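Let me put the sequence and the structure up, and then we can walk through them together.

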Amino acid sequence: MGKRLKDNLTSDYITAANSMKSKTARRRIVAYVESYDDVFFWRMVLSSFENDKRYFEVMLPSKTSLSKGKKQVLMNLVGDNLGEDMIACVDADYDYLMQGATKTSEKVITNPYVFHTYVYAIENYQSYAPSLHDVCVAATLNDHPVFDFEGYLKDFSKAIFPLFVWNIWYYRRPNFADFSITDFNQIIETGHFSIQGASACIANVRKKVGKRVIQLQRLNPDAKESYLALKEEVKQLGVTPETTYLYIQGHHLYDNVVLPMLKKVCDKLRRERETEIHSKAMHNTQMHNELSSYQHSVQGVDTILKKNIGYFASPQYQRLKEDIEHFLNPQAKFEDKAEEHESHNNLPSSECYYT
């Protein structure tokens, strides 16, 4: 047993502390998160469940150490430590799609006091396609729809989906290093983005993916049945060919796909607005004043994207909120997570084409 109070901090300890408060005091629930960037996201998630009976305190794993990360959260807090007044909130990464193939995945999907994002990470939520036009409007103050973000990310997702299934297939096996996330990211790299060349970017990705898929099929000639079964399973888990982008590595999506795209679109929208000011100004003084006012009003798209909450309407985010609602409901049966895991293991294999 630890000698310091913090070494013995458990959900039971917080429950006991709550019981010592007045009857009108709100119940405190501690929510541990992975890193600084996660604090705001989980505060937004949990704040909607606060009322006159309870409140959440979002914290990093340790106040005395700078160590962070999912493993730190899980290894230090799972088991007897977590409970009704102490929960862990983490990025799903591949753990959700691994469906218990690793110890960490098992904890993430079955522990009733561990909540995950369903999508790979918070960056995937921030990159939610239906919200990206609004991000551009906020950054440029120009509501002209000059690019189809949803269509582009849908086409990108469909292009990478066959290879994404292969990546999950490998990560469910001991030889996952033979086709790592890094390998996958290199192949789905879109390269230099331009609005006019968006279709060419997708075509190039599709070509690279097709080439690699053929190589993987040749390297794994007996994998057809397991591949097809996994393909149907990930669809059941929510990954469709049109939404694959939500489940790939968040930093790669954010830094290499979405942000470069948004910067190009926002540059076009700003130039469009500035050209309008030039054409409508009655004289130079008015033009300079209007340009100065506009330029002081706009913001960097990267700043806006970090604060994007347009994903609130996404099915994945709603599913996350349903999990928390289930947890807070005193009638909730926490065994449902484990039962759902078992049902996914018994999914029928697919009869569709091996793509």
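Helices here are DSSP runs of H or I with at least four residues, strands are runs of E with at least two, and both are numbered from the N terminus.

Before I go further, the ground rules. This is a predicted model, so local features need pLDDT of at least 70 and side-chain atom pairs count only at pLDDT 80 or more, while totals for chains, interfaces and linings use all residues. Residues are numbered from 1 along each chain as its sequence is written, and side-chain values use heavy atoms, with hydrogens and water left out.

Back to threonine 110. A polar atom of the threonine 110 side chain sits 2.4 Å from the backbone oxygen of glutamate 106.

Now the whole chain. We have 16 helices and 4 strands, and buried residues make up 46% of the 355 residues. How confident is the predictor? Mean pLDDT, which is the predictor's confidence in each residue from 0 to 100, is 87 for the chain, and 82% of residues reach 70 or more.

On to the inside. A nonpolar core, for us, is a set of buried Ala, Val, Leu, Ile, Met, Phe, Trp, Tyr and Cys residues joined through side-chain atoms within 4.5 Å. The largest one has 103 residues, and Tyr152 and Trp166 touch the most other members. Helix α8, residues 149-171, gives this core its largest share, 15 residues. There's also a second, separate core of 5 residues, including Met287 and Val298. As background, in soluble globular proteins nonpolar side chains tend to be buried together.

Val298 brings me to alanine 139, which is in contact with it. Alanine 139 is in helix α7, residues 132-140, and is buried, with a relative accessible area of 0%. Leaving aside neighbours within four places in sequence, its other contacts include Cys266, Arg270 and Ile304. Isoleucine 304 is 165 residues away in sequence, yet the two C-alpha atoms are 6.4 Å apart.

Cysteine 136 is in no disulfide, and the nearest cysteine sulfur, from cysteine 266, is 3.6 Å away. Cysteine 136 is buried, at 1% relative accessibility, and cysteine 89 is buried too, at 0%.

Last stop, tyrosine 311. Where is it placed? Tyrosine 311 is in the loop between α14 (301-306) and α15 (315-328), and even so it is buried, at 2% relative accessible area. Not counting residues up to four places away, tyrosine 311 touches Phe41, Tyr125, Gln126, Tyr128 and Tyr317. Its C-alpha is 8.0 Å from that of proline 130, which is 181 residues away along the chain.

Definitions and conventions:
Buried < 20%, exposed > 50% of the residue type's maximum accessible area, 1.4 Å probe, protein only. Contact = heavy atoms within 4.5 Å. Polar contact = N/O pair within 3.5 Å; in protein donor to acceptor, adjacent residues only side chain to side chain. Disulfide = S-S within 2.5 Å.
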